[in-house]
Amino acid sequence: MEQQTIHNYLHQFFTLNSCEVRENNTGKLTVTLNEELDRLLLNRPFYWEYIKKIGQEGEPATLTFISNPDRIEEKGEWIHFGSPRLHQIFQYQLKKGKYTMLYEQAQKTPLNPWLVVNIKISYIGQQKKDEILSIGLHLINGIMVFEFMEKIKNMDFSTVIPDYSFTISPIIRIHSGYKRIETYIEQYLNSMNHKWAEESFSKYEKEKNILTHFYESYLQAANDEEQEQLTVRYDNELDHLQKRLLPKIDIEPINGGVFYFSEKSETFLLH
Amino acid sequence: MVRQILTAGERVMNINYRFDKEFVYEFDKHLDKNGPFCSFDMFHMAYDTAKSLVVPNFEGLQSPQYLPHMEFLDHQLDCAKQVVESMNGRAILADEVGLGKTIEAGLILKEYMIRGLAKKILILVPASLVNQWVKELNEKFFIPAVSQRKSYVWEQCDVVVSSLDTAKRPPHRDIVLEQHYDLMIIDEAHKLKNHKTKNYQFVNSLKKTYCLLLTATPVQNQLSDIFNLVTILKPGYLGSYDEFTKAFGNKRTALKQDEKLKELIQNVMVRNRREDTGVEWTKRNVKTVWINFTEEEQQVYDELDHDLVSSDPFTSITLKRELCSSREACYLSLKKMFEQNVQKYSGHSWSEEIIEKIEQLPHHSKAQKVVDILQNSSEKFIVFTEYRATQYYLQWFLQQHGISSVPFRGGFKRSKKEWMTQLFRNHAQVLVATEAGGEGINLQFCRNMIHYDLPWNPMRLEQRIGRVHRFGQKDDVNIYYLAIKNTIDEHLVSLLYEKIHLFERVIGDLDIILQQLNIPDLEDEIKDIYAESESPGEARIKLENLTAAFQHTTSSEVTHDGTTDYS
């Protein structure tokens with residue numbers, strides 16, 4: 001994330017979480033927190049406990065974040081991509097934006113249900129890399145659309161059904177819809193050429209051979225008690241090796257929701 | 001589920017697909033309760049957040065972009081990359097002293113944490129370095145490391161720094177052995193070179209996925225040192241012990257001469273030398289300041305050759321060295337000597353006279369010289385002395401001349417050391433120290449150093465200089481050595497220090513040369529020479545021989561392959 005992006009991110013974050021922005025210019029942002037974020041970011045439970053006990057509202061703190069390197073000397077907290085503070089905020093946002101149910105802002109029209117899931121796939125071998133998929137599944141006809149978030153990012157949604165519109169009940173239940181998405185991912189992964197995994201696996205086999213040879217050479221000369229110790233040690237080492245080099249893929253949803261779209265928008269989504 | 005693939009080599013490989021099972025149930029609960037649900041903006045922002053945290057490539061380092069306040073050197077980044085990409089996180093980091101092994105380890109640790117491959121981490125370091133590690137990881141790397149204090153931290157905290165001695169002792173031992181560590185770091189790992197020790201066996205039985213061993217001297221005495229270190233990382237990589245010694249013998253030199261061994265070691269060890277780093281080091285200006293004793297001082301010095309003490313060469317040398325430092329240091333030793341051996345000394349006129357003469361000596365010529373140097377400069381100075389008594393005397397003497405100073409000793413507690421460093425930085429012109437103060441105290445804001453008296457062990461000298469001449473020093477460094485003519489000081493300075501240029505040398509070189517000459521401790525060697533010599537002339541010849549051996553080793557090192565490196 002560039003410093004400018006971080007500034008914009010923070011501005012959006014505090015605005016969305018209904019904190020009052022007091023100053024916002026060229027890499028300096030001053031906000032008054034709400035109680036929840038004060039509790040999270042400032043970690044002062046005694047203050048809040050005390051203030052609640054005496055029956056008062058409490059005053060959330062005002063913080064200043066500096067993201068412009070030229071202003072680093074100014075009063076405030078220097079914030080960058082590695083700041084623990086920013087990562088606290090990231091984790092909070094990931095938790096807050098996990099589940100949703102949304103309706104397209106469309107008048108006098110039936111709305112069809114879709115299951116939208118954003119998923120992180122992690123490929124783990126000698127090293128690790130991630131990929132994100134955004135998938136929408138039509139809960140009536142089972143059609144799947146990819147890069148879904150890209151397609152809907154400029155639409156308007158609300159958390160209540162717009163006036164004079166009505167929703168069509170899903171035919172596919174959430175669990176089986178989700179299962180279909182999992183099946184799709186399985187096929188997607190099966191269709192890939194996993195060169196990274198082969199490399200990792202052949203390294204694993206090589207190291208395993210070395211390890212086995214090593215312990216066998218000692219086992220021959222060992223007495224019963226030593227043999228037992230050596231076997232424990234060998235199993236232990238083999239376990240380390242497997243953890244380190246056997247290829248695996250983690251599939252973990254980031255967030256998901258049920259979205260209702262007008263037929264007009266669906267035509268757009270399907271193109 | 002598991003997918004089976006037949007690899008190019010006709011082997012069956014399994015890839016484990018691990019699907020999250022929680023998400024859909026949680027989602028269902030929300031649907032049942034009709035919420036709580038977030039807005040589209042919140043939803044979209046969470047998606048963007050996840051995107052910004054993605055690691056898009058197997059290769060390369062993510063960690064530097066998380067640490068914009070740090071300036072990493074090329075060799076540090078290369079090292080971290082190499083360990084992560086081609087050594088799969090099991091390596092010996094063996095850079096020379098002062099090139100930043102801790103920084104490299106921090107980078108690697110951060111990288112594994114960012115990639116989500118390491119969460120539970122154990123860092124074992126010498127007790128004196130625990131707090132330093134905790135501080136650096138927190139401040140430089142934003143890694144929430146805690147030092148081990150109570151037994152419960154082992155289970156509750158993810159990143160724990162502890163001394164090996166504590167970890168291997170009950171009640172900690174059993175808890176530590178229970179844990180599965182994603183990454184383990186061991187600093188000063190050369191202490192694990194012997195596979196028969198409790199430390200070695202303890203470390204070997206810990207459960208760890210990735211593992212870093214840090215040492216500046218991967219091979220100290222024999223080739224088996226490196227065998228034992230590698231065996232912690234990759235058992236069997238160098239074969240069994242018998243196979244290894246059969247193939248390579250047990251001489252240190254094999255590591256340099258045997259191509260096959262060199263190649264094997266290169267796969268598990270990164271070693272950078274100062275000259276490989278491409279970093280421009282600031283210069284060291286070394287100046288020896290010669291001082292003449294006053295007549296009275298010289299008289300007392302000569303008195304120390306009296307039969308009563310010269311019969312024991314060690315005593316005589318010690319007293320002479322002390323007198324070259326301060327009358328106080330010498331006085332205290334004499335007093336103690338007389339008290340401990342009343343029969344020998346009491347009633348002897350020499351004993352009383354020498355005490356009396358010392359008491360009457362005016363200020364020490366060296367101390368006066370220090371004041372001269374300090375008064376001609378407005379910059380900060382560190383003054384090192386070998387003796388506590390001299391330290392007190394110097395502080396008092398400087399104060400008499402209106403020069404502010406703070407004391408520093410190896411025995412100070414960490415917090416006191418930091419406090420003294422702070423005082424020196426902000427308020428005083430001089431730091432009067434008796435020891436280098438241990439690793440980790442950085443005094444780079446000062447660039448002048450006076451060696452008030454000479455340590456006979458050049459390693460100590462290098463550690464002293466290393467406090468100011470290291471990464472972060474922006475200016476050339478001025479090193480003064482004070483020596484008194486016609487004394488024991490002179491022999492040493494002219495022979496060891498001037499001919500061999502010990503001041504300019506880096507510690508890594510010296511280390512290797514001493515090992516090759518089979519000299520475990522230079523200080524002991526020199527003491528032995530004096531002790532075993534019948535006359536000053538004989539001592540001088542022996543010292544010259546030692547010097548010649550040094551010079552010979554140095555030149556053969558350089559002509560061999562232009563480097564003294566193993567790797």
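Which residue in S2(B) is the bridge partner of A:Lys248? In this predicted model, the partner of A:Lys248 is B:Asn16, and the pair belongs to a place where strands from two chains run side by side.

Counting residues, 87 of chain A are in contact with 78 of chain B. The size of an interface is often given as the accessible area lost when the parts come together. For chain A and chain B, that buried area is about 7600 Å², and carbon and sulfur atoms give 66% of it. Three residues of chain A, namely A:Tyr99, A:Gln127 and A:Arg244, supply 11% of the area that chain A buries against chain B, which is more than any other three residues supply.

Six salt bridges are counted between chain A and chain B, and the side chains of A:Glu237 and B:Arg90 meet in a salt bridge with a distance of 4.0 Å from N to O. On the side of chain A that touches chain B, the largest share comes from helix H7 (residues 195–219), which provides 14 residues. Sorted by class, this side of chain A has 41 nonpolar, 24 polar and 22 charged residues.

Let us now look at chain B itself. This chain has 28 helices and 15 strands, and buried residues make up 56% of its 567 residues. If we take the contacts in chain B with a separation of 6 or more, residues 24 or more positions apart account for 74% of them.

A helix of chain B shows how parts of both chains can cover a set of residues. In helix H10 of chain B, residues 198–205, the buried residues are B:Asn199, B:Tyr200, B:Phe202, B:Val203 and B:Asn204. Their cover includes helix H8 (224–245) of chain A, and from chain B it includes helix H8 (164–167), helix H9 (172–178), strand S7 (180–186), strand S8 (207–214) and helix H11 (224–233).

Is B:Tyr112 buried or exposed? This residue, which has its place in helix H5 (residues 101–114) of chain B, has a relative accessible area of 1%, and it therefore counts as buried, since that value is under 20%. Setting aside residues up to four places away in sequence, B:Tyr112 touches B:Val83, B:Val84, B:Asn88, B:Gly89, B:Leu117, B:Ala118 and B:Tyr210. The C-alpha atoms of B:Tyr112 and B:Leu183 are separated by 8.5 Å, although the two residues are 71 residues apart along the chain.

One of the residues that B:Tyr112 touches, B:Asn88, deserves a look of its own. B:Asn88 lies in the loop between helix H4 (74–85) and strand S3 (90–93) of chain B, and with 0% relative accessibility it counts as buried. Its phi is near 50°, a positive value in a residue other than glycine. Most residues other than glycine have a negative phi, and most peptide bonds are trans. In chain A, A:Asn43 also has a phi near 50°, but A:Asn43, in the loop between helix H2 (35–42) and helix H3 (45–53), is exposed, with a relative accessible area of 60%.

Chain B has cis peptide bonds too. One joins B:Gly35 and B:Pro36, with omega about -5°, and B:Pro36 sits in the loop between helix H1 (22–32) and helix H2 (40–52). Another joins B:Pro170 and B:Pro171, with omega about 5°, and B:Pro171 lies in the loop between H8 and H9 of chain B.

Finally, we come to B:Asp489, found in helix H25 (residues 488–499) of chain B. At 7% relative accessibility, B:Asp489 counts as buried. Leaving aside neighbours within four places in sequence, B:Asp489 is in contact with B:Cys324, B:Lys366, B:Tyr481, B:Leu482, B:Ala483 and B:Ile484, and its side chain reaches the backbone nitrogen of B:Ile484 at 3.3 Å. B:Asp489 and B:Arg321 are 168 residues apart in sequence, while their C-alpha atoms are 7.4 Å apart in space.

How values were computed: Residues numbered from 1 in each chain as written. Chains lettered and ligands numbered in written order. Predicted model: local features only at pLDDT ≥ 70, side-chain atom pairs only at ≥ 80, totals over all residues. Heavy atoms only, no water. Contact = heavy atoms within 4.5 Å. Buried area = accessible area lost by both parts, 1.4 Å probe. Helix = DSSP H or I, 4+ residues; strand = E, 2+ residues; numbered from the N terminus. Nonpolar A, V, L, I, M, F, W, Y, C, P; charged D, E, K, R; others polar. Pairing = 2+ DSSP bridges. Buried < 20%, exposed > 50% of the residue type's maximum accessible area, 1.4 Å probe, protein only. Polar contact = N/O pair within 3.5 Å; in protein donor to acceptor, adjacent residues only side chain to side chain.
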